[in-house]
Amino acid sequence: MAQSPRQGRPSVTPVSQPRAASLACFAFLWLCAAGGVSAARANPQCQSSRAAQPAVTRLRDAMAQGRFTAYQPLSLRVVEGRVTDADADGIRADLTALRPRFDSLITYDAIHGAQQIPAIAAALKFRALIIGVWDPGDAAQLDAALEAARRFPRLVVGISLGNEVLFAHRTDPAALIAVIARVRARAPEVALATSEPFHVYDEPAAAAVLGQLDFLLSIVHPVFQPWFRGAPDSTAAQFVVNVLGKLSPLACGPLLVKETGVPTAPESAGFSEARQAAFYRELRRVLPPGRTQAFAYFAAYDAPWRAYDATGVPGAPGAHPEEAHWGLYDEARHPKAAARELPPLAP
């Protein structure tokens, strides 16, 4: 995804037509390749940290017994490449609204106000937090994430080093492996992951990254597939399950789908609250939470500014209205149908 890396912008992948076509093509070839996963990549040389296994165990517990959502503060905005930092009061209001239905969070940024999330989440008795580092080459972001893991060792179950950095060619596999090694040397007890669209790992160089990770955060969006609009929700949910079946032999730890979902607008593109709720209802049926595989709800809140800033590049043309509506809650923190269907969790 094209964007301004200096901003360290926490973002989602745009549903632009060229990108959607590219993802659809890769997904079809990846899932339908005759021969499946190669023997070499099906048996990765796992270099995950033994010291991080207690954190991985806490992650597995949260996957099996709790409920994750991908979260970016409503008060954090990026417009024309300019960042408005999140504020503590806004974060507290966000997390207070989420806590009855969600007890575990995955973030995209460790700075721009997001460094306040761990303390507020701990005070509200969230169970697990995976801290996203948008730019793993930025020392300030890494330092903030590692400091949070040090201060809140029971809450922080892992750190995600990058979001689509390989897919967007913001780094390469060798450089990412080097970053993982440096972070591992600084904090061997911290469980490490990265987050990419699933088909990225079909390349041997990218698949080598998986052996360095303690768990995997995958991105699996049925909405990018050419069949999505006319397909039943069972097909979209089964697509996610099929992807995990292909990823499982490559992973050295648990698999947590960080992004999968359906926007709730515009209706003209086939999106609605009813479709979002039906997709998650079916996904819960075919992919129940467990210690080896689970999914996070994507995303916690709508972000209206994304419709006009999907690329993150100042002055970039075009609007992507669906980007504003991934949330299970709207911008006023009101739950949509998909959220209202979720039974409350224990406090």
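This is a predicted model: local features need pLDDT of at least 70, side-chain atom pairs count only at pLDDT 80 or more; totals for chains, interfaces and linings use all residues.
Eight strands make up an open sheet, arranged in the order β1-β4-β5-β6-β7-β8-β9-β10, with parallel pairing. At the edges lie β1 (68-70) and β10, each of which pairs on one side only. From one strand to the next, the twist averages 25 degrees. Strands of a sheet pair through backbone hydrogen bonds, either parallel or antiparallel. For a closer look at one pairing, strand β5 (residues 128-133) runs parallel to strand β6 (residues 156-163), and five bridges join the two. Within this pairing, V133 has L161 of β6 as its bridge partner.

Helix α9 packs on this sheet, where it touches β8, β9 (255-259) and β10. The direction of α9 makes about 135 degrees with that of β9. The buried residues of α9 are A236, A237, F239, V240, V243, L244, K246 and L247.

Across the whole structure, a search finds eleven aromatic pairs. W227 and F239 form an edge-to-face pair, with 5.4 Å from centre to centre and 65 degrees between the planes. Because W227 lies in the loop between β8 (216-219) and α9 (233-247) while F239 belongs to helix α9, the pair ties together parts that are twelve residues apart in sequence. The two partners can be told apart by their accessibility: W227 is partly exposed, with a relative accessible area of 29%, whereas F239 is buried, at 6%.

A second pair is tilted, because the rings of Y280 and Y297 have planes at 40 degrees, with their centres 4.7 Å apart. This pair links distant parts of the chain, 17 residues apart: Y280 is in helix α10 (residues 273-286), and Y297 is in the loop between β10 (293-295) and α11 (337-340). Both Y280 and Y297 are buried. The two tyrosines also belong to one aromatic cluster, together with F102, F279 and F295.

Aromatic rings meet charged side chains as well. R275 lies over the face of F228, 4.0 Å from the ring centre. Likewise, the charged end of R99 sits over the ring of F126, at 5.5 Å from its centre.

Methods:
Residues are numbered from 1 along each chain as its sequence is written. Side-chain values use heavy atoms; hydrogens and water are left out. Rings of Phe, Tyr and Trp (its six-membered ring) pair if their centres lie within 6.5 Å; planes under 30 degrees apart count as stacked, over 60 as edge-to-face and the rest as tilted. Helices (H or I, at least four residues) and strands (E, at least two) are DSSP runs, numbered from the N terminus. Buried means under 20% relative accessible area, exposed over 50%, partly exposed in between (1.4 Å probe, protein chains only). A charge sits over a ring if NZ of Lys or CZ of Arg is within 6 Å of the ring centre and within 35 degrees of the ring normal. Two strands pair if DSSP finds at least two bridges between them. Axes are lines fitted to C-alpha atoms, for helices over the stretch in contact, and angles run from 0 to 180 degrees between N-to-C directions. Contact means heavy atoms within 4.5 Å.
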